[in-house]
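Let us walk through a protein model together. Keep the sequence and the 3D view side by side.

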Amino acid sequence: MVYSANIVTVAEMKFMAGENVNAAGDVDANHVILQDWAEAYLSNLLKFELTSAAFASLNATNKTLISEWAARFAGNALIKYDMAGYTDGIEAENMIKM
């Protein structure tokens, strides 16, 4: 399964997860799942189906806001997947709370 970014890139996910994210969880298959979850959540919340075509039709400001939210969502999920790479649980929790 190769990741194809619709609303959030892998680089954005990794940026929000930070440098200590577990490599085992930071794989294409999980990126696909995380984007699908973010897309579904936002589609429901916004009452607007975020297909790739619909996302492409949005203005730059809306795209940026949606991408940032999806990246933070994915970053938090990647941190929660396995906190072992962080100095301690508090460091991981602090990353999630930011």
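Predicted model: local features only at pLDDT ≥ 70, side-chain atom pairs only at ≥ 80, totals over all residues.

Residues are numbered from 1 along each chain as its sequence is written, and side-chain values use heavy atoms, with hydrogens and water left out.

Start with the overall fold. The protein chain has five helices and zero strands. Along the sequence the pattern reads α-α-α-α-α. The radius of gyration is 14 Å, close to the 13 Å that the globule rule gives for 98 residues, so the chain is as compact as a globular protein of that length. That radius is taken over C-alpha atoms, and the rule is 2.2 Å times the number of residues to the power 0.38. Helices here are DSSP runs (H or I, at least four residues), numbered from the N terminus; strands are E runs of at least two.

What share of the 98 residues is buried? The share is 36%. Buried means under 20% relative accessible area, exposed means over 50%, and partly exposed lies in between (1.4 Å probe, protein chains only).

Now find helix H2, residues 28-46. This helix has 19 residues and spans 26 Å from its first C-alpha to its last, close to the expected 27 Å. The expected span is 1.5 Å times one less than the number of residues. Which residues of H2 are buried? They are His31, Val32, Leu34, Gln35, Ala38, Glu39, Leu42 and Ser43. They cover an arc of only 165 degrees around the axis, which puts them on the same side of H2. The arc is that of the directions from the helix axis to the C-beta atoms. These buried residues pack against helix H1 (10-17) and helix H4 (60-81). The face turned away from the buried side carries exposed Trp37, Asn44 and Leu45. After H2 comes Lys47, with a positive phi near 55 degrees.

Finally, look at charge. Side chains of opposite charge can pair when their charged atoms come close. The whole structure holds one salt bridge, meaning a side-chain nitrogen of Lys or Arg within 4 Å of a carboxyl oxygen of Asp or Glu. Glu68 and Arg72 form a salt bridge at 2.6 Å, N to O. Both lie in helix H4, four residues apart, about one turn of the helix. Glu68 is partly exposed, at 35% relative accessibility. Arg72 is partly exposed, at 35% relative accessibility.

How values were computed: Contact = heavy atoms within 4.5 Å.
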